[in-house]
Amino acid sequence: MESSVAPLEQALHAARALVIADLVAGEVAEADVVSMVEESVVQRRWWVEQWPEGVAYVAGLVAQDVQDALLETYGRWPLCPVCGDGDPHALEIEPELGPDPHWVCHKAGVSVAPVGALGPALGSGATSS
């Protein structure tokens, strides 16, 4: 039935859009990076098919997958915009496995932005001015 597939597809499309929005905000949305998002979405589709209750966690998991893949090829991403001094460090996803994922700076102990809304925190993103 179409209705049983729709929530999964909606969650996967939303996760893809949120993570790509953050990549664009961080100016790292190159073709090879977007391919990392696509690969994660494919893997997470299988994961949610195995555990349907996990559908609410997909956005955070895709963000973590891409962050891990970028660490291997690009470096730490996204860098913390809160801490101006000391060694640059990446934001982390919290909760690691839960709904409503946010980018968090553990060093400062603050939530920086929801996944998909990193633009304003990084000083980028669409503005209407």
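A salt bridge is counted where a side-chain nitrogen of Lys or Arg lies within 4 Å of a carboxyl oxygen of Asp or Glu. Arg 44 and Asp 65 form such a bridge, with their closest N and O atoms 2.8 Å apart. Arg 44 belongs to helix α2 and Asp 65 to helix α3, which spans residues 58–73, so this pair ties together parts that are 21 residues apart in sequence. Both partners, Arg 44 and Asp 65, are buried. The model in which this pair is found is a predicted one.

How many salt bridges does a search of the whole structure find? The search finds 3. Another of them brings together the side chains of Glu 9 and Arg 45, at an N to O distance of 2.9 Å. Distant parts of the chain are linked by this pair, since Glu 9 is in helix α1 (residues 2–25) and Arg 45 is in helix α2 (residues 31–50), 36 residues apart. Glu 9 has a relative accessibility of 22% and therefore counts as partly exposed. Arg 45 is also assigned to the partly exposed class, because its relative accessibility is 26%.

The remaining bridge to describe joins Arg 16 and Glu 38, whose closest N and O atoms are 2.4 Å apart. Arg 16 lies in helix α1 and Glu 38 in helix α2, so parts of the chain 22 residues apart in sequence are tied together here. With a relative accessible area of 31%, Arg 16 is partly exposed. Glu 38 is partly exposed as well, its relative accessible area being 30%.

The discussion now turns to helix packing. Two packed helices are described by the angle between their axes and the distance between the axes. For α2 and α3, the axes come within 9 Å and cross at roughly 135°. That angle makes α2 oblique to α3. The crossing in which α2 passes α3 is right-handed.

Which residues of α2 meet α3? On the α2 side they are Val 33, Met 36, Val 37, Ser 40, Val 41, Arg 44, Trp 47 and Val 48. On the α3 side, the residues met are Val 58, Leu 61, Val 62, Asp 65, Val 66, Ala 69, Leu 70 and Thr 73. Sorted by class, this contact of α2 with α3 has 12 nonpolar, 2 polar and 2 charged residues.

When neighbours within four places in sequence are left aside, Val 58 is in contact with Ala 11, Leu 12, Ala 15 and Val 48. Between Val 58 and Leu 8 there are 9.2 Å in space, C-alpha to C-alpha, although the two are 50 residues apart in sequence.

A further pairing across the sequence involves Ala 117, in the loop between β3 (110–114) and α4 (119–122). The C-alpha atom of Ala 117 is separated by 9.1 Å from that of Val 19, and the two residues are 98 residues apart along the chain. Ala 117 is partly exposed, with 32% relative accessible area.

The last topic is backbone geometry. Most residues other than glycine have a negative phi, and most peptide bonds are trans. In this model, a cis peptide bond joins Trp 77 and Pro 78, with omega about -15°. Pro 78 is located in the loop between α3 and β1 (92–94). The peptide bond from Glu 94 to Pro 95 is likewise cis, and its omega is near -5°. Pro 95 has its place in the loop between β1 and β2 (102–105).

Where do positive phi values fall in residues other than glycine? Glu 27 is found in the loop between α1 and α2 and is exposed, with a relative accessible area of 67%. Another is Asp 100, with phi near 55°. Asp 100 is placed in the loop between β1 and β2, and its relative accessible area of 55% makes it exposed.

Notes:
Residues are numbered from 1 along each chain as its sequence is written. This is a predicted model: local features need pLDDT of at least 70, side-chain atom pairs count only at pLDDT 80 or more; totals for chains, interfaces and linings use all residues. Side-chain values use heavy atoms; hydrogens and water are left out. Helices (H or I, at least four residues) and strands (E, at least two) are DSSP runs, numbered from the N terminus. Buried means under 20% relative accessible area, exposed over 50%, partly exposed in between (1.4 Å probe, protein chains only). Axes are lines fitted to C-alpha atoms, for helices over the stretch in contact, and angles run from 0 to 180 degrees between N-to-C directions. Angles under 35 degrees count as roughly parallel, over 145 as roughly antiparallel, 65 to 115 as roughly perpendicular and the rest as oblique. A crossing is left-handed if the near helix is turned anticlockwise from the far one by less than a right angle, and right-handed if clockwise. Contact means heavy atoms within 4.5 Å. Ala, Val, Leu, Ile, Met, Phe, Trp, Tyr, Cys and Pro count as nonpolar, Asp, Glu, Lys and Arg as charged, and the others, Gly among them, as polar.
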